Amino acid sequence: QVQFVESGGGLVQPGGSLRLSCVVSGDNLSKYTMTWSRQVPGKQRALVARITSAGTPLYWDSVKGRSTIFRDDAKNTVYLQMNNLQPDDTGVYYCNTLAPHAWGQGTQVTVSS
């Protein structure tokens, strides 16, 4: 059973940066295209970035130009580096495989002055 443990969130001022991490267990990360999604209260979870098993990234407009998704298959870990954070980036961030397994608990990102 594939499981995800996200970390790295926190409270940050507008313009700040965070690096989110997701440790994957139960299978070999290298097999999967991985995604990061964001959920805010009252809205559906929305994709923000994904990375193929070959390392090709794709970003949704909400984070494009400000974020970098990357992976370390040796550590079974996928990352999301987020820069120039803005209040609209606030939410709970989750990682998963492209064809999703059960969701982890996510990591809360709050951008506020």
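Modeller: Let's start with Tyr94, which is buried at a relative accessible area of 11%. Buried means under 20% relative accessible area, exposed over 50%, and partly exposed in between (1.4 Å probe, protein chains only). A word on the source: this is a predicted model, where local features need pLDDT of at least 70 and side-chain atom pairs count only at pLDDT 80 or more, while totals for chains, interfaces and linings use all residues. Residues are numbered from 1 along each chain as its sequence is written, and side-chain values use heavy atoms, with hydrogens and water left out.

Biologist: Which ring does Tyr94 pair with?

Modeller: Rings of Phe, Tyr and Trp (its six-membered ring) pair if their centres lie within 6.5 Å; planes under 30 degrees apart are stacked, over 60 edge-to-face, and the rest tilted. The whole structure holds 2 aromatic pairs. Phe70 and Tyr79 are stacked, 4.8 Å centre to centre with 20° between the planes. Tyr94 pairs edge-to-face with Trp103, at 5.9 Å and 80°; Trp103 is partly exposed at 34%.

Biologist: Which charged end sits over the ring of Tyr94?

Modeller: A charge sits over a ring if NZ of Lys or CZ of Arg is within 6 Å of the ring centre and within 35 degrees of the ring normal. Here Arg45 has its charged end over Tyr94, 4.3 Å from the ring centre, and also over Trp103, at 3.9 Å.
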